[in-house]
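Dear colleague,

I am passing on the structure we spoke about, and my notes on it follow below. Please read them with the model open beside you.

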Amino acid sequence: MTEHTTKIKDFIQDEFDELQNWDDVRSLKKYANKFGKKETLKFLAAMNNIDDEFLTIDNWDMLIDEVQEYNSKLGIVKLSTDTLNDAKISTDKNSAWCLYKEKLKNDGWNQKSIDNVKKSSFEILQYLSIDTRESGATKGLVIGNVQSGKTANMAGLMAMAADNGFNYFIILSGVIENLRQQTSNRLYNDMNQSGKGNLHWHHIEKPTLKSSLPQNDISNFNLGSKDKDRYFTVCLKNKNRLKSLIKWLYSDSKKAEQLKILVIDDEADQASINTKPIEEEDVTTINGLIRELVNNSKVKSVNYISYTATPYANILNETSKESLYPKDFIALLTPSDDYIGPKQIFGIEQPETQPLVDVVRNIPDRDVKVIKNIEKGKSKELPPSLKKSIDWFIITVAIMRSWNHQKPISMLVHTSFNIDHHSNIAKAIEDYLIFCKQNYKSQIPIFEDLYLKESIEFSRESFIIGMKDYSNPEKIKDYPEWPVVKKYLDYFFSLDNHEFIGHIPIGDEGEPKYRKGVHLVIDNSQAKSEDQIVRLVYPKAGNKLPVATAFIVVGGNTLARGLTIEGLTSTFFLRNTSQADTLMQMGRWFGFRKGYELLPRVWLENTARERYNFLSQMNEELREELKEYEYQKLGPEKYGPKVKNSYNYQLIRVTSNNKMQSAKSANIDFSGLNTQTIYFDNNEEKLKKNLRLTNDFLNKLNNVEHKGNRMIWRNVDNEEVNQFLKMYSTCESDVKMRNLSSLIEWINKNTTNMEKWSVVLSGTGKISKYIDDESTWNIHGYTVGKSLRTKLKQRSNENTICIGSLRSPSDLLSDIDDELTDSQKAAVKIAEVHRIREEYGYDKVPQLLIYRIDKGEETEEEYRNQNKNAKKNRAPLNFPVDLIGINLMIPGDSKGGNRTTYVSVKLDSLDEEDYDLEENC
């Protein structure tokens, strides 16, 4: 891109930020009274020091098209009512937004990420109201990703809102004081910019009527429409703090009338939710105080925006007018191309997408038992997987020090919420590292083998292929040669005992001092010592140390939310909960790994891996569902009931029961269900039963139609499908499919709402006349080739296999009688499939897809010889007989209505240790 092009595109973007109308930018409306279009372009060329022959009308229009297209790919997915203001993005270089934008640039943010913050912040700003005296408080929800930079969006929204006249900002920040202080300091630095700018920011810390500080007297605040003062408070979600804030804030009625408040509830699913039964008049204390803060009609305006990466509790809680339900809008932030989250690490099942970064390693069941014995003090010998995770961490410390990395490097060990267990785990880790130091020569081959194995299994090339849209891939550092790594390991293990390992020492002035070795940190509410710092304290920014500091952090609750683990390269994690919101927040390994992209590894046990795989899919479904509602132009008042009654969101406990107030009394609506069997038991009797059942079922159906490699039956009665589903055997591990009895009951009560079924047998090759052969089916005198599937090795065991994905998206459209366009045939997203079915009049036709899957007898070696490009995480099924897989697609009500009758799905096999993260931190 030439320098001229860049300048003009920047100018076009500034013009649009000011005018918010592409036609006005294109026509140069702002300059219309001065010159004609051609003369205006000459003037603009001169103003930007550009050759006027370059800035022709054709080039101008072409560049506007490019900038407009670029903008269309930014921003948020949103469910909303109408916009509530005519806000503009300030282009004044001294505005709060422009100064914050410049700060992001100086902090190393790339232009696309900055533009995304700008677009998403502005779109949220448009749904705020500058006057809520008659309408009542505006309430919205912003959904980000865990560790994805949503704080930058919050700061961007604050800056833009300040430029547009909002004068008081309240950030509700969790339940942990040191995290509140982190947020407070960060936002003050983001907004204040060393006193530069058109606006004057005032940080009101812990406001109270008891304060004698004149600067905290709200009666002296400058809150007029022309005043340039802006005020903000970061408040802990604590009863006394909130009471003091409310009394102080509304103590001067005349000043209250001038207040234009933006309340940002950070981690809004924590503490803010009412956990008392909704039929009771009382609500929980924090929820009640936030309501009191927000539902105030005496101020000029109040807007309440909740931010969270795990919105299930916010959506499933109360929906009354007085509640905090996001009645006005729900917005979905789009993560940066550089974000490494659930989808990148675990992949998704529908449509099947393999993990983009191969960083997850297995903790065998036997190692889990060893860990439990260590926690109880019955053993000190670490299991192999934990040793390996520690070895990898020490290797990454050596690598990053060889790169002259200056920031902290960390390992997270999270095996239990029980604080009594943490010290035993920490002591066992310390003993192991001392053993490695004492036996360093014999340990070196172990380190070298691990290093070579990991550098091959997850290479720089595989990262770049997986993260194809990653910015500046040329800057991704490759693994150094082994001699370089060994040099830094030699240094590390040669440190004297005092420097080698321990808690964080305390200096003469009470400040933390840091070792050249490893700081072993126990971060929980009981971790204390008189002469050392036991809890996690990173060096302050700018604190130059001889080497990058290394931390092994052992803990539970405090590590599961809010606390950022810097330079995280190794995580050892055992499952502790089946609650979706809690489990997702525990994923401290999600986020950005700039400068050390190849180094992070995560050790997970099988159950935790399965749940994260499920949550990755659940996360995608939530986002796809929001996109579909945006496409249908439906607001949050339609979305709420859909989620509360949704089958997919009930099969894992999305949040604790006392946070699902509305969901608790609502039953399940199966409309819109689209689910497939992906787990199969290696049980010959059950497999044979399914084969006989399916053969008999298909041969009873009349009027078969042949279409390519599919047999199709139309207008099949509910009763016939019900009988088949009643007899079909599912796998207990298949969370979504094991509750077929509830679906059948629902179908029986909703027959008037659906037309008769389409049943499709999908195979391979062409349908042919049946020739007597035990290995094939005779379906009305014809047969079709079996489907071929393989198993995911890491998600399968001797008794149960997982195939990852069963159906082909095109099968979901196979019963449509009309000829589809090429783009429709290529549809892969479920939302697209639903739209196409609706377009052709199939939106009320339920569908049953059936697959006969070849048992796959070959060995893995034979399979790889036959399939040279086979993925390393795949293997042949090797089952005793063929498998029957099914996919169920139930019509959804795309206009947002609900079916008239519901049934409950049992949450009967969730074995977990559920802990409330708001306590014992």
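Strand 29 (residues 847-853) and strand 31 (residues 883-889) run antiparallel and are joined by 7 bridges, with Ile853 standing opposite Leu883 in strand 31. Strands here are DSSP runs of E of at least two residues, helices are runs of H or I of at least four, both numbered from the N terminus, and two strands pair if DSSP finds at least two bridges between them.

This is a predicted model, in which local features need pLDDT of at least 70 and side-chain atom pairs count only at pLDDT 80 or more, while totals for chains, interfaces and linings use all residues. Residues are numbered from 1 along each chain as its sequence is written, and side-chain values use heavy atoms, with hydrogens and water left out.

Both strands belong to an open sheet of 6 strands with mixed pairing, in the order 20-31-29-24-23-22. Its edges are strand 20 (674-676) and strand 22 (705-707), each of which pairs on one side only, and the twist from one strand to the next averages 20 degrees.

Turning to the helices, helix 15 (residues 384-402) packs against helix 19 (residues 482-494) at an angle of about 110 degrees, with the axes 8 Å apart (axes are lines fitted to C-alpha atoms over the stretch in contact, and angles run from 0 to 180 degrees between N-to-C directions). The two helices are therefore roughly perpendicular, a term that covers 65 to 115 degrees.

With kind regards

Conventions. Parallel < 35°, antiparallel > 145°, perpendicular 65-115°, else oblique.
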